[in-house]
Amino acid sequence: MKQTESVPFAAVPAPENALLRIEDLQLRFGPVTALGGVTMHALPGEITAIIGDNGAGKSSLTKCILGVYEATSGSIYFNGKPAEVKTPHDAKELGIEAVFQDLALFDDLTLWQNMFINRELKKGIGPFSILDKRAMISRSDELVRGLTVNVPDAKRTVRSMSGGQRQAVAIARAVAWGSELVIMDEPTAALGVRERTEVEDTVIGLRNEGRSFMLISHSFDQVMRVADAVWVMRQGRAVAHRRISETSGEELVALVTGAQTT
Ligand SMILES: Nc1ncnc2c1ncn2[C@@H]1O[C@H](COP(=O)(O)OP(=O)(O)OP(=O)(O)O)[C@@H](O)[C@H]1O
Ligand SMILES: [Mg+2]
């Protein structure tokens, strides 16, 4: 079994098969300690949630994993190996991608153009190569057809799509490019209920196919609906870990506020 039990924080060992393992990660900005020694892990094929109050260090942690910030000290292991993540390029090489709330999709480009930005398929050789538009369109159609969300055909511009559809495209793009871990920081904060459900269903569907996600969310309900495991952060540290099957929304609230400490 790949599950670990819900036990007090200090006693949670990372299983052998952990996809991501973080050890005593510290991040300082001058006098400000954003991360005061975070130890946590994420298992493959799961949605691992990170919750915590404003300023707890959630985004700082994910930015260290994504190479946006270089940690002051501590270690990151990916697929069991020490990982040097000093730049976003390093993270991409490892197979770690992010989907941010502001998406980084280009409104005026079509769905297929967004899918293939910086990764255009070419046919032909050297100076004679041209962009293989037809291949990119059909590959994009294929990629989004597998999604739960009903996304319009690949020739539509992103501007004409709903917030939920855009988010689904961004997630599909990250997954399509072979990312082993997709990190989502508040992916549905700006969405309505129906769109949020579409995005959640997309992520659950991809998880069921074996994909791995890290989800930062302020919604305990969302965490209870979609995650497999959750880490609670307080003041720059991970202070509790639970399997979702063994916790409740009430307990998560208590852990985040500090009313309950382990
Ligand atoms: N670039 C920075 N320079 C200085 N301090 C920073 C920087 N980024 C984050 N911090 C500080 O680090 C701490 C953690 O911030 P972080 O953004 O990681 O929190 P968060 O858990 O993502 O909060 P939120 O839920 O509001 O997004 C805060 O005290 C914040 O002010
Ligand atoms: Mg944040």
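**Stop 1: the core.** Select Val-230 and Val-232, the residues with the most contacts inside the largest nonpolar core, which has 73 residues. A nonpolar core is a set of buried Ala, Val, Leu, Ile, Met, Phe, Trp, Tyr and Cys residues joined through C-beta atoms within 7 Å. Buried means 20 or more other C-beta atoms within 10 Å of a residue's own; exposed means 12 or fewer, and partly exposed lies in between, with C-beta atoms placed from the backbone. The model is predicted: local features need pLDDT of at least 70 and side-chain atom pairs pLDDT 80 or more, while totals for chains, interfaces and linings use all residues. Residues are numbered from 1 along each chain as its sequence is written; chains are lettered from A and ligands numbered from 1 in the order written.

Now color helix 5. Helix 5 gives this core its largest share, 7 residues. Helices (H or I, at least four residues) and strands (E, at least two) are DSSP runs, numbered from the N terminus. In soluble globular proteins, nonpolar side chains tend to be buried together.

Stay on Val-232. Leaving aside neighbours within four places in sequence, its contacts include Ile-51, Gly-52, Leu-255 and Val-256. Contact means C-beta atoms, placed from the backbone, within 7 Å.

**Stop 2: ligand 1.** Gly-52 turns up again here, in the shell around ligand 1. Select also Phe-29, Val-32, Ala-34, Asn-54, Gly-55, Ala-56, Gly-57, Lys-58, Ser-59 and Ser-60. Each has its C-beta atom, placed from the backbone, within 6 Å of the ligand. Strand 2 (32-42) and helix 1 (58-65) each give two or more residues. Helix 1 gives the largest share, 3 residues. By type, the shell has 4 nonpolar, 6 polar and 1 charged. Here Ala, Val, Leu, Ile, Met, Phe, Trp, Tyr, Cys and Pro count as nonpolar, Asp, Glu, Lys and Arg as charged, and the others, Gly among them, as polar.

**Stop 3: helix 6.** Select residues 193-208. Which residues of helix 6 are buried? They are Arg-196, Glu-198, Val-199, Glu-200, Thr-202, Val-203 and Leu-206. Their cover includes strand 3 (47-52), helix 5 (163-176), strand 10 (212-216) and helix 7 (220-226). Past the helix, find Gly-210, with a positive phi near 105°.

**Stop 4: two loops.** Go to Glu-186, between strand 9 (181-185) and helix 6. Its phi is positive, near 50°, and Glu-186 is not a glycine. Last, pick Asn-79, between strand 4 (73-78) and strand 5 (81-82). Phi of Asn-79 is also positive, near 55°. Asn-79 is partly exposed, because 15 other C-beta atoms lie within 10 Å.

Methods
The expected span of a helix is 1.5 Å times one less than its number of residues. Two residues are in contact if their C-beta atoms, placed from the backbone, lie within 7 Å.
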